[in-house]
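Reader: I am new to this structure and would like to go through it step by step. Please start with any term I need.

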Amino acid sequence: MPVPDPFREGLARGWKTYNGAQLTDDLTLEADVAIIGSGAGGGTTAEILSAAGYKVLLIEEGPLKTSSDFKLLEDQAYSSLYQEGIGRMSKDGAITILQGRAVGGTTLVNWTSSFRTPQPTLEHWAKEHNVKGHSPAEMAPWFEKMEQRLGIAPWRVPPNANNDVIRKGCEQLGYSWHVIPRNVRGCWNLGYCGMGCPTNAKQSMMVTTIPATLEKGGELLYLARAEKLTINGDKVTGLQCVAMDERCVEPTGRTITVKARHYVLAGGGINSPALLLRSDAPDPHQRLGKRTFLHPVNMSAGRFDEVINPFYGAPQSIYSDHFQWKDGTTGPMAFKLEVPPLHPALAATLLGGFGQENARHMADLPRTHAMLALLRDGFHQDSQGGSVELRGDGSPVLDYQVSPYAWDGLRRAFHVMAEIQFAGGAKAVMPMHADARYVNSLAEARTLIDGLSLELYRTRLGSAHVMGGCAMGEDPKSAVTDSLGRHHQLRNLSIHDGSLFPTSIGANPQLSVYGLTAQLATSLGERLRNP
Amino acid sequence: MHPSLTETPALSRRGLLKFSLGATAFLATAGVGASLSGCSSSVPANGFAALRNGDLLFLRALIPVMLDGAVAVETMPAAIDGTLKSLDASLDHLSPEMLKLTRQLFDVLGLAVTRGPLTGIWGSWENASPEAMRHFLERWENSSLSLLRMGHSSLQQMVMMAWYTRAESWAHCGYPGPPTV
């Protein structure tokens with residue numbers, strides 16, 4: 001029996017949607033609240049405001065793809081579901097940036113790991129960034145609400161072999177490890193979360209909050225890029241969107257004008273500050289796009305005697321925070337340890353080299369495991385993050401420099417990953433670096449890692465977590481919005497997404513976005529009722 | 001979480017400007033400036049959406065060197081064609097800015113006046129030996145110019161990713177393919 005596709009059923013029942021690519025004329029749409037971006041922040045906000053009785057319009061740059069479209073193929077997924085056709089990277093091309101771009105945003109393609117914002121992070125924001133109302137106690141009910149909404153619970157199925165290396169290695173070494181909470185219901189344990197969930201088990205926005213919004217009479221406009229806010233004094237008076245072709249590459253020439261009482265920006269890091277930059281929004285203290293964080297990631301491969309099949313099974317189910325807070329919040333750069341899934345195309349680029357060398361690595365793929373370290377940037381004065389800039393065509397790019405402070409963290413992460421991999425049963429380990437090779441003992445790995453020239457391009461770096469760039473905080477000199485996500489200079493504009501974070505999170509950020517935006521949207525709904 | 005995955009090209013704007021300055025000397029000498037100033041052909045080759053004839057000449061020389069060891073000699077011609085098809089489709093979905101940068105990389109490789117000095121391959125790509133190709137790739141990987149290191153990384157990732165998205169590549173890497181839902 002085929003898997004049901006509730007989104008298509010909803011469309012057939014008459015949900016109101018507009019496909020930008022198919023517009024033959026320019027269009028004007030009106031709503032109480034226009035929400036720009038349909039990912040974690042936009043979806044959560046849409047559900048809450050539509051349930052409160054407001055007419056909501058969700059605007060998404062990317063295409064509408066539903067479970068029947070997901071064929072578990074890397075090429076189709078990467079080119080259709082990721083920003084810039086997966087071409088997004090830091091300005092110098094050294095860090096690949098994975099962000100979703102489709103109805104549901106990154107929630108459509110993330111690996112389902114769902115952590116509450118760590119307590120030290122929330123405390124650091126209150127202490128250092130003048131953030132009010134987001135203490136661990138104040139946030140707890142919002143996290144709990146969204147955990148229930150999205151089925152978030154520690155994964156009950158045994159981890160796949162790729163994840164189990166963290167458990168085995170940490171147990172051997174006396175390091176702490178835990179099971180990852182995932183936002184799934186009835187998960188088939190397939191391993192293709194990054195290519196769109198074909199069974200609707202992942203509780204992405206596409207199967208939860210967006211259907212709820214459309215069911216309440218909300219509307220969805222997709223393949224429409226929010227180009228520019230029209231601003232008059234301290235008020236947003238309209239939004240100009242350009243319709244995109246089916247590939248989401250070129251504008252079709254049609255435009256959509258949106259008029260709303262209130263505007264919520266939820267395009268995520270990079271895209272949200274970029275829209276404000278394109279709109280010449282007031283930015284008296286030059287904060288827009290600044291302090292954008294990435295959780296830079298480096299990785300280490302391990303070769304095993306036994307079969308790992310790193311392409312199958314829930315991609316992330318075990319993590320270790322053993323090294324995350326041991327030197328406090330603001331010490332040397334710290335990291336969370338997890339694993340990536342390795343499908344062939346991704347693996348071929350990560351394992352590196354070409355010709356015979358790459359061919360040998362790829363022939364070993366079924367016995368290969370990989371571990372990643374996700375570095376907690378933004379907590380130390382030597383970690384200021386990057387800046388969003390506009391390119392000639394108005395599209396954004398992130399200038400992100402890797403500081404010596406960060407390189408030190410990356411080198412320590414290579415050491416720790418090798419140690420855990422050998423302790424977890426690896427016969428050989430290779431840091432993912434152009435000058436590295438597989439070595440057969442921890443002693444050799446230590447010598448190799450100490451000798452690596454850690455520099456851009458030679459060190460394979462990636463990011464799937466863009467945070468900051470429209471920081472929240474009570475002081476307009478250092479923040480774009482207040483602690484309720486209200487723009488400091490524009491009174492009918494709110495920001496509800498990960499761009500609000502004053503630092504990185506120190507954990508996969510989706511639940512941080514859900515909890516925070518549920519809190520902000522609820523408060524916005526009350527304000528709209530009693531202006 | 002996540003990986004450094006880059007199927008794409010990575011010439012940054014700043015990197016490219018630096019490079020363009022360096023290349024100006026060659027271009028001025030030869031009296032050619034069209035490509036790097038953005039006036040090069042953007043007409044796709046027959047049967048392709050993004051790749052141009054000049055790009056194909058270079059890639060047909062590069063791909064067999066990249067896939068050596070993963071593809072048997074007798075199936076290499078089909079593997080080259082398949083890789084080109086996949087690469088073309090992914091380039092056709094890139095943002096215009098990233099496609100532009102990728103084409104500038106191909107332009108640098110395609111124009112004889114920049115190709116010789118920067119790659120050590122002075123003749124046409126069709127005549128470049130696999131040894132010469134490997135030498136050029138090693139030279140770029142270890143170049144003192146960050147732009148060339150970036151170019152090396154882009155070429156490696158573009159080709160490898162294009163090939164390993166294809167089902168005919170999966171036997172070599174022991175991937176049974178996605179499950180049926």
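Author: A residue is buried if 20 or more other C-beta atoms lie within 10 Å of its own. The model is predicted.

Reader: By that cut-off, how many residues of helix α9 of chain A are buried?

Author: Helix α9 of chain A covers residues 344–351 and is mostly covered. Its buried residues include P344(A), L346(A), T349(A) and L351(A). The count for the helix is eight of eight.

Reader: Which elements do the buried residues of α9(A) pack against?

Author: In chain A, they pack against α3 (74–81), β13 (297–303), α10 (355–363) and β16 (368–375). The packing also takes in an element of chain B, namely α8.

Reader: Which residue follows α9(A), and what is its phi?

Author: The helix is followed by G352(A). The phi of G352(A) is positive, near 80°.

Reader: How does the radius of gyration of chain A stand against the globule rule?

Author: Chain A holds 13 helices and 22 strands. The globule rule gives 24 Å for 531 residues, and chain A comes close to that, so it is as compact as a globular protein of that length. Its C-alpha trace spans about 65 × 55 × 45 Å along the principal axes. The radius of gyration is 22 Å.

Reader: How far apart are the C-alpha centres of the two domains of chain A?

Author: Domain 1 takes in 6–112 + 115–149 + 188–285 + 470–525, and domain 2 takes in 161–183 + 297–376 + 403–455. Their contact uses 15 residues from domain 1 and 18 residues from domain 2. The centres lie 31 Å apart.

Reader: Which element of chain B gives the most to the side that touches chain A?

Author: In the contact between the chains, 50 residues of chain B meet 61 residues of chain A. The elements of chain B that give two or more residues are α1, α3, α4, α5, α7 and α8. By class, this side of chain B has 23 nonpolar, 19 polar and eight charged residues. With nine residues, the element that gives the most is α8(B).

Reader: Where is confidence lowest in chain B, and where is it highest?

Author: Chain B averages a pLDDT of 83, and 78% of the residues score at least 70. Over residues 1–39 of chain B, pLDDT stays under 50. Where pLDDT is low, the predicted coordinates should not be read in detail. The lowest confidence is in α1(B), at a mean of 40, and the highest, at 98, is in α4(B).

Key: Residues are numbered from 1 along each chain as its sequence is written. Chains are lettered from A and ligands numbered from 1 in the order in which they are written. This is a predicted model: local features need pLDDT of at least 70, side-chain atom pairs count only at pLDDT 80 or more; totals for chains, interfaces and linings use all residues. Two residues are in contact if their C-beta atoms, placed from the backbone, lie within 7 Å. Helices (H or I, at least four residues) and strands (E, at least two) are DSSP runs, numbered from the N terminus. Ala, Val, Leu, Ile, Met, Phe, Trp, Tyr, Cys and Pro count as nonpolar, Asp, Glu, Lys and Arg as charged, and the others, Gly among them, as polar. A residue is buried if 20 or more other C-beta atoms lie within 10 Å of its own, exposed if 12 or fewer, and partly exposed in between; C-beta atoms are placed from the backbone. Domain bounds come from an automatic or database domain assignment. The radius of gyration is taken over C-alpha atoms; the globule rule is 2.2 Å times the number of residues to the power 0.38. pLDDT is the predictor's confidence in each residue, from 0 to 100.
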